[in-house]
Amino acid sequence: MMLRLFGGGLALAALVLSATLSNATADQKPYVVKDGKTDQNTYNGWRRYSESCLRCHGPDGSGSSYAPDLTNSLKTMSEDTFKATVMGGRVNVGQANQNVMPMFANVEDVAMYIDDIYGYLKARSDGALDRGRPERFKDEKK
Ligand code: HEC
């Protein structure tokens with residue numbers, strides 16, 4: 001009896017701990033912006049975005065007549081849904097004009113840097129980062 005109680009206590013402690021841990025990560029922002037300047041990863045996200053997404057989603061994630069404003073999408077879309085959409089693509093067949101979001105799972109420059117792209121767009125979505133090429137803390141190349 002004592003053993004079972006003890007085991008249950010441990011399991012509960014593990015549950016509480018993991019809940020605390022995942023809360024901590026949920027609160028953490030996926031980007032670093034200070035005084036309008038970014039870390040390398042967020043900057044890299046801007047670069048990759050500009051290479052692979054800008055032609056449809058417009059400069060700075062702000063949308064175009066063809067593809068949605070991602071700074072708006074990320075106000076409600078979860079990180080998981082974002083990544084699944086980018087990796088798997090999406091075809092909106094409900095409209096007269098078929099809008100196609102290509103899949104990027106096989107595009108290395110996107111798949112490898114999906115966290116950076118998400119971080120950059122989240123910073124734009126949160127209003128932490130202005131439009132245009134971000135300045136970095138340290139001007140090193142990546
Ligand atoms: C060939 C044009 C094109 C390119 C390139 C493109 N997208 Fe899209 N994307 C679209 C279209 C069109 C939609 C809307 C699809 C729909 O209506 O279901 C979309 C939808 C999305 C959505 C869902 C938005 C929402 O509010 O539901 C996300 C997220 C997204 N794109 C991210 C990206 C990212 C990140 C990249 C670059 C890695 C990218 N897209 C590149 C055309 C594109």
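Let's start with Asp-39, which sits in the loop between strand 2 (37-38) and helix 2. Helices here are DSSP runs of H or I with at least four residues, strands are E runs of at least two, and both are numbered from the N terminus. This is a predicted model, where local features need pLDDT of at least 70, side-chain atom pairs count only at pLDDT 80 or more, and totals for chains, interfaces and linings use all residues. Residues are numbered from 1 along each chain as its sequence is written, and side-chain values use heavy atoms, with hydrogens and water left out.

Is Asp-39 buried or exposed? Asp-39 counts as buried, because its relative accessibility is 16%. Buried means under 20% relative accessible area, exposed means over 50%, and partly exposed lies in between, with a 1.4 Å probe and protein chains only. Setting aside residues up to four places away in sequence, Asp-39 touches Val-32, Arg-136 and Phe-137. Contact means heavy atoms within 4.5 Å.

Now the helices. Two packed helices are described by the angle between their axes and the distance between the axes. Axes are lines fitted to C-alpha atoms, for helices over the stretch in contact, and angles run from 0 to 180 degrees between N-to-C directions.

Take helix 2 (residues 40-52) and helix 7 (residues 114-125). Their axes come within 7 Å and cross at roughly 95 degrees. Helix 2 and helix 7 are therefore roughly perpendicular. Angles under 35 degrees count as roughly parallel, over 145 as roughly antiparallel, 65 to 115 as roughly perpendicular, and the rest as oblique. On helix 2, the contact residues include Trp-46 and Tyr-49; on helix 7, they include Tyr-120 and Leu-121.

Next, helix 5 (79-88). The axes of helix 5 and helix 7 come within 11 Å and cross at roughly 120 degrees. That pair is therefore oblique. Among the contact residues are Phe-82 and Val-86 of helix 5, and Ile-117 and Leu-121 of helix 7.

Last, the largest nonpolar core, which has 19 residues. A nonpolar core is a set of buried Ala, Val, Leu, Ile, Met, Phe, Trp, Tyr and Cys residues joined through side-chain atoms within 4.5 Å. Which residues touch the most other members? They are Tyr-49, Phe-82, Val-86, Val-110, Tyr-120 and Leu-121. Helix 2, helix 5 and helix 7 are the elements giving two or more residues to this core. Helix 7 gives the most, with six. As for Val-110, leaving out residues up to four places away in sequence, Val-110 touches Ser-52, Val-86, Phe-104 and Ile-117.
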